[in-house]
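I opened this entry to keep track of what I looked up, one topic at a time.

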Amino acid sequence: MKRQLTIQRNQEWDKKLREIDAPNHTFWKLAPYMARKNEDTRSRPLHGPQGLKFTPEGKTEIFATKLGDTFQPNHDLYEEQTIQAVRRQVRKAIAQAPQQEPKLTTPKEVAAILRHLPIQKAPGPDRIPNQALKEAPRRLSVFLSLLFNTIFLTQKFPSSWKKASICMIPKPGKNPVFPQNYRPISLLSTISKVFEKILLTRLRSHAESHNLLPPHQLGFRQQFDTELQLVRVVDKLTLSSNNFAYTIRIFLDVEKAFDRVWHRGLISKLIQQRFPDCYVKLIHSYLNNRELQVRYEGAFSESKPIRAGVPQGSVLSPLLYALYTADLPTTPGCSLATFADDTAIFATNRNFHFVHRAATRQLEKIEEWATKWRGCILV
């Protein structure tokens, strides 16, 4: 039996290798699988609240339940007065008819985005690959522009685009028996992402023209990168050392930063930042009633609601998060350096007691801000 199984495996590999076709990218799909040396690819059980699950259906439900619990508003940080005020403000803004007209798109703008779509991206729940959009007839841009303009005018984001298909990828070097050792990869509708790119240009233009993003936030901004932030931090430290000053450095990482963004709080801040009300209503519809479905080992979980967080895999999420944290408080004597959800605090002075007081006050202000806006736990 062993000999026959070996012969059968060799025949299957021989057939697979003969079917390799470079133009169809068959080789590049097979290469990562062949590169996994000595890796045990057997299906392992998954440990959930009810014990071990061995079937794909049981595993998907464990993943879906864990992700559903993750995308929830932070219940540890809670300020009832702010929550009620934000609810009234958002309810009033959404109930009113928009006073400002959105900037509509054109077939030319849509066609430019379609031309630059990456073909290696996996399709979302609609199963439409980017390559199909790139190779579609030119009149598709006209039809899509009509669809997108209807969304702009009605401020209603399609419900079918609000469902994310999530694949779970095991983290290298972690025990795959526990669900927390998997990284979720969210797949969204392909056409939805085209519309989000168009909407992003409108939101980014308003944010940049009104200087809504603080100078210390360099994450996901055009013409800024991590190297520039590192140079800025090193320059401050070098200047402090040359002046023989004391420096206190505090590095903060926000736990589940993008996953715990409070939706009503985000809409409230967009209103305060004077974004056109047509875009505010559209973002409210974009975030409201979103769902996720986990796909693992060929099985699909039940849909779970997403009640907090900016959508993973969306081009809008980095900008929305930056706007949500744009009012992060500062203290005299302290400098902030932020890149997305990573924050560094620097307090510098020749008087050590002044440095200590400034750093302490800065942490207190951040804690007050997190409590008010249901921010994530800082660790």
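**Salt bridges**

I started with Lys 59 and Glu 297, whose side chains meet in a salt bridge at 3.4 Å, N to O. My criterion is a side-chain nitrogen of Lys or Arg within 4 Å of a carboxyl oxygen of Asp or Glu. Lys 59 lies in helix α3 (residues 56-70) and Glu 297 in the loop between β6 (290-296) and β7 (299-300), so the pair ties together parts 238 residues apart in sequence. Helices (H or I, at least four residues) and strands (E, at least two) are DSSP runs, numbered from the N terminus.

The model is predicted: local features need pLDDT of at least 70, side-chain atom pairs count only at pLDDT 80 or more, and totals for chains, interfaces and linings use all residues. Residues are numbered from 1 along each chain as its sequence is written, and side-chain values use heavy atoms, with hydrogens and water left out.

Next I checked burial of this pair. I call a residue buried under 20% relative accessible area, exposed over 50%, and partly exposed in between (1.4 Å probe, protein chains only). Lys 59 is buried, at 1%. Glu 297 is partly exposed, at 37%.

How many salt bridges does the rule give? The count is five.

I then looked up Asp 327 with Lys 269. Their closest N and O atoms are 2.8 Å apart, in a salt bridge. Asp 327 sits in the loop between α12 (317-324) and β9 (334-339) and Lys 269 in helix α10 (residues 263-272), so this pair ties together parts 58 residues apart in sequence. Asp 327 is partly exposed, with 35% relative accessibility. Lys 269 is buried, with 2%.

I noted one more bridge, between Arg 361 and Glu 368, with the closest N and O atoms 3.7 Å apart. Arg 361 is partly exposed at 34%. Glu 368 is partly exposed at 46%. Shared partners join Arg 361, Glu 364 and Glu 368 into one salt-bridge network.

**Lys 269 over rings**

I went back to Lys 269 and asked which rings it lies over. A charge sits over a ring if NZ of Lys or CZ of Arg is within 6 Å of the ring centre and within 35 degrees of the ring normal. The charged end of Lys 269 sits over the ring of Tyr 324, 4.6 Å from its centre. Lys 269 also lies over the face of Trp 373, at 4.4 Å from the ring centre.

**Aromatic pairs**

I counted 15 aromatic pairs. Rings of Phe, Tyr and Trp (its six-membered ring) pair if their centres lie within 6.5 Å; planes under 30 degrees apart are stacked, over 60 edge-to-face, and the rest tilted.

One of the pairs is Phe 148 with Trp 161, edge-to-face, 6.4 Å centre to centre and 70° between the planes. Phe 148 lies in helix α7 and Trp 161 in the loop between α7 and β3 (163-170), so the pair ties together parts 13 residues apart in sequence. Are these two residues buried or exposed? Both Phe 148 and Trp 161 are buried.

Then I took Phe 251 and Phe 346. Their ring centres are 6.1 Å apart and their planes stand at 90°, so this pair is edge-to-face. The pair links distant parts of the chain: Phe 251 is in strand β5 (residues 246-253) and Phe 346 in strand β10 (residues 342-349), 95 residues apart. Phe 251 is exposed, at 59% relative accessibility. Phe 346 is buried, at 4%.

I also listed one aromatic cluster: Phe 148, Phe 152, Phe 157, Trp 161, Phe 195, Tyr 279 and Tyr 286.

**Gln 229**

Gln 229 is in helix α9 (residues 226-242). Gln 229 is buried, at 7% relative accessibility. A polar atom of its side chain lies 3.0 Å from the backbone oxygen of His 216.

**Surface patch**

Which residues form a nonpolar patch on the surface? I found Val 142, Phe 143 and Leu 146, with about 290 Å² of accessible area together. Patch members have over 30% relative accessible area and no salt bridge; like charges are joined within 9 Å, nonpolar side chains (Val, Leu, Ile, Met, Phe, Trp, Tyr) within 5 Å. Areas come from the Shrake-Rupley method with a 1.4 Å probe; for residues, only the protein chains shown count as cover. Phe 143 lies in helix α7 (residues 139-154).

**Whole chain**

The protein chain has 13 helices and ten strands. Its C-alpha trace spans about 80 × 50 × 45 Å along the principal axes. Of its 379 residues, 41% count as buried.

Key
Polar contact = N/O pair within 3.5 Å; in protein donor to acceptor, adjacent residues only side chain to side chain.
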